[in-house]
Each structure stands twice: as C-alpha cells, then as structure tokens.
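Here's a quick tour of a protein model for anyone meeting it for the first time. Take a look, then read on.

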Amino acid sequence: MGQRFVIHLPVVAGDLTAAVRLGRVVARWASLLARTDPGETTVSAEDSQGVRHRVFCDLRVVGGRRCVLRADHDGPCSRRLWPGQLM
C-alpha cells in the first residue's frame, strides 16, 4: 500500500464523556466507508491534543479484527456488539 496519510476531523463535544460517546458514533458510522480504521479513534481536549483518549479497545480478536467494545470494557473482547454494549 505504501505511505499512509491520516485525516483529522475535529468534532466538538462539551466534556470527555460526551466526546468519547460521539467519537464511537462517528467511528462506527465511518466504518461503512472503505479504508477507515475506527479502532484507532481517539479524543482529546482542544488545548491538549497530544493527550489522547481511546474510544475503543485496541486489542485484536480472532481474524485480526479489533475489539468493538469501549476502551475500558469489562469481560472478554468481542467482534460484535450485544444489547447493553452500545455505549
């Protein structure tokens, strides 16, 4: 594939919790597009963009895909969401 470039798309939220939730929603929507990697989605404070917070678990599961659960989830990783795991 060669060199990769990353698109940074600022989206504003009122606090870290809201930013993480919105980040998950935007990332899941973007996963419908080819060549997106929603598992790498992070959020940061506008004035401290070097301090990033993951919105998804970064571990790989069977088949090389990423876990789709939130970054601090309890229990085993999963490739799909179950009721109650949406946020």
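## The largest pocket

Helix H1 (16-30), strand S1 (42-45) and strand S2 (48-54) each bring at least two residues to the lining of the largest pocket. Helices (H or I, at least four residues) and strands (E, at least two) are DSSP runs, numbered from the N terminus. This is a predicted model, where local features need pLDDT of at least 70, side-chain atom pairs count only at pLDDT 80 or more, and totals for chains, interfaces and linings use all residues. Residues are numbered from 1 along each chain as its sequence is written, and side-chain values use heavy atoms, with hydrogens and water left out.

The largest pocket holds about 1700 Å³ of space. Of its 36 lining residues, Ile7, His8, Leu9, Thr41 and Thr42 are the closest to its centre. A pocket here is an open set of points on a 1 Å grid over the protein atoms alone, where a 1.4 Å probe fits, with protein on both sides within 12 Å along at least five of seven lines; lining residues have an atom within 4 Å of a point. The volume is the space filled by probe spheres set on the points, which are joined across faces, edges and corners. H1 gives the most to this lining, with 8 residues.

## The nonpolar core

Ala19, Val20, Ala27, Val43, Val55 and Phe56 make up the largest nonpolar core, and H1 gives the most to it, with 3 residues. Such a core is a set of buried Ala, Val, Leu, Ile, Met, Phe, Trp, Tyr and Cys residues joined through side-chain atoms within 4.5 Å. Buried means under 20% relative accessible area, exposed over 50%, and partly exposed in between (1.4 Å probe, protein chains only).

## Salt bridges

There are 3 salt bridges in the structure, each a side-chain nitrogen of Lys or Arg within 4 Å of a carboxyl oxygen of Asp or Glu. Glu40, Arg54 and Arg66 are linked in a network. Glu40 and Arg54 meet at 3.5 Å, N to O. Glu40 sits in the loop between H1 and S1 and Arg54 in strand S2, so this pair ties together parts 14 residues apart in sequence.

Glu40 also meets Arg66, at 2.7 Å, N to O. Arg66 lies in the segment after S2, so that pair ties together parts 26 residues apart in sequence. Arg66 is buried, at 14% relative accessible area, while Glu40 is partly exposed, at 37%.
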